Amino acid sequence: MTEPPESRLILFAALAANLGIAVAKFVAAAITGSSAMLTEGFHSVVDSLNQLLLLYGQKRSVRPPDERHPLGYGRELYFWSFVVAILIFSTGAGLSIYEGVLHVLDPEPIRTPWVNYVVLALSLLLEGASWGIAVREFGAAKGEHGWWEAVRQSKDPPSFIVLFEDSAAMFGLFVAGAGITLSLLTGDARWDGVASIVIGLALAGVALALAREAKDLLIGEPADPALEAAVRAAIDRRPEVTGVNEITTVHIGPQAIFLGLAVDFEDEVPVGRVEAMIAEAEAELRARWPALRAIYIKPQAKPPPEQP
């Protein structure tokens with residue numbers, strides 16, 4: 001099992017951008033006393049940690065099956081994706097809202113405001129580059145699906161997690177800039193704290209959406225219906241088969257699918273031929289769809305029609 005190269009590119013681009021941005025934001029917060037800039041620094045640190053966790057999850061998820069995990073380790077990526085969502089909610093959103101509330105209750109005037117604007121401009125440049133890569137790669141992968149539908153259908157969390165993170169980061173930069181500007185124009189430093197709270201609420205919304213998607217993948221999502229239909233057709237056309245009674249697919253990783261089939265065979269087909277046909281069908285399915293990592297085909301008589 002190999003991780004999609006596009007998701008690794010997205011993660012490395014986001015990690016490089018966030019590490020540089022975090023340092024710049026913390027320096028700016030120390031110089032100017034801006035709550036929004038400090039919040040943005042926390043945001044970038046959390047994002048950097050998230051990218052490291054997702055890279056770790058990718059590395060762990062490609063390990064081959066063993067006796068302890070006969071279906072492989074693909075779902076470990078889903079676990080770390082869920083952890084990332086929790087970190088965004090608890091650390092990113094929590095610290096942002098906490099810092100914003102403190103600044104509203106005890107406002108601190110912004111010093112040397114031009115430093116904030118320089119850092120915001122630099123951050124927009126770096127974050128925009130990372131966001132552009134994420135949009136380009138996910139846009140190429142989503143095919144004909146709409147953006148939100150593609151997120152719901154995707155089985156590769158890093159691709160859409162970074163897209164969500166970078167989008168939230170771009171939004172946060174504009175909000176931070178607005179908060180700083182309002183503080184300067186009105187002479188009321190509480191606007192800086194309000195900006196931190198808005199950023200925190202945005203992060204909380206992103207975290208909840210990501211947690212939901214990661215949870216669904218952990219529980220087990222089926223493969224694309226088009227793949228299920230193609231598999232059913234491939235089995236149905238065999239002369240020994242009268243029909244496929246049941247088909248079950250579950251993603252056990254971004255590029256790994258469990259497939260279970262209950263197949264009704266012609267009564268005249270000898271047992272030896274049934275066994276040979278199952279072996280042939282498994283070989284054909286794996287050759288046509290390499291993502292089918294675990295295939296189980298069992299003979300099953302067609303159930304009688306339900307009585308009215």
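This is a predicted model: local features need pLDDT of at least 70, side-chain atom pairs count only at pLDDT 80 or more; totals for chains, interfaces and linings use all residues.
## Annotated regions

An unreviewed UniProt entry lists residues 11-218 as "domain: Cation efflux protein transmembrane". In the model, that span is 84% helix and 0% strand. Its end C-alpha atoms lie 21 Å apart.

The unreviewed entry also carries the annotation "transmembrane region" for residues 9-31, 77-98, 118-139, 160-185 and 191-211. Two of these spans can be described further. Residues 118-139 are 100% helix and 0% strand, with 31 Å between the end C-alpha atoms. Residues 191-211 are likewise 100% helix and 0% strand. Here the end C-alpha atoms are 30 Å apart.

## The largest pocket

The largest pocket holds about 520 Å³ of space. Its lining has 20 residues, and those closest to the pocket centre are A141, Q153, S154, K155 and P254. Two elements give two or more residues each to the lining: helix 4 (113-141) and helix 5 (147-153).

What is the make-up of the lining by class? There are 9 nonpolar, 6 polar and 5 charged residues.

## Aromatic pairs

A pair of aromatic rings is described by the distance of the centres and the angle of the planes. The model has 6 aromatic pairs. One of them joins F160 and F164. Their ring centres are 6.5 Å apart and their planes meet at 65°, so the geometry is edge-to-face. The cut-off for that class is over 60 degrees. Both residues belong to helix 6 (residues 157-186). They are 4 residues apart there, which means a separation of about one helical turn. F160 and F164 are both buried.

The rings of F258 and Y296 show another geometry. Their centres are 5.6 Å apart and their planes at 35°, so this pair is tilted. Why does the pair tie together separate parts of the chain? F258 sits in strand 2 (residues 256-265), while Y296 sits in strand 3 (residues 292-299). The linked parts are therefore 38 residues apart in sequence.

## Aromatic cluster and a charge over a ring

Y56, F79 and W80 make up one aromatic cluster. A charged side chain also meets a ring: R63 lies over the face of Y73. The distance to the ring centre is 3.7 Å.

Is G33 buried or exposed? Its relative accessibility is 10%, so G33 counts as buried; the cut-off is under 20%. G33 occupies the loop between helix 1 (5-32) and helix 2 (35-61).

S48 is placed in helix 2. At 4% relative accessibility, S48 counts as buried. S48 and L77 are 29 residues apart in sequence. In space, their C-alpha atoms are 17 Å apart.

I278 is part of helix 9 (residues 271-288). With a relative accessibility of 13%, I278 also counts as buried. I278 and D156 are 122 residues apart in sequence. Their C-alpha to C-alpha distance is 31 Å.

Notes
Residues are numbered from 1 along each chain as its sequence is written. Side-chain values use heavy atoms; hydrogens and water are left out. UniProt positions are given in the numbering used here, feature names are shortened, and annotations may be inferred rather than shown by experiment. On a 1 Å grid over the protein atoms alone, a cavity is a set of points where a 1.4 Å probe fits but cannot get out, and a pocket is an open set with protein on both sides within 12 Å along at least five of seven lines; lining residues have an atom within 4 Å of a point. Grid points are joined across faces, edges and corners, and a volume is the space filled by probe spheres set on the points. Ala, Val, Leu, Ile, Met, Phe, Trp, Tyr, Cys and Pro count as nonpolar, Asp, Glu, Lys and Arg as charged, and the others, Gly among them, as polar. Rings of Phe, Tyr and Trp (its six-membered ring) pair if their centres lie within 6.5 Å; planes under 30 degrees apart count as stacked, over 60 as edge-to-face and the rest as tilted. Buried means under 20% relative accessible area, exposed over 50%, partly exposed in between (1.4 Å probe, protein chains only). A charge sits over a ring if NZ of Lys or CZ of Arg is within 6 Å of the ring centre and within 35 degrees of the ring normal.
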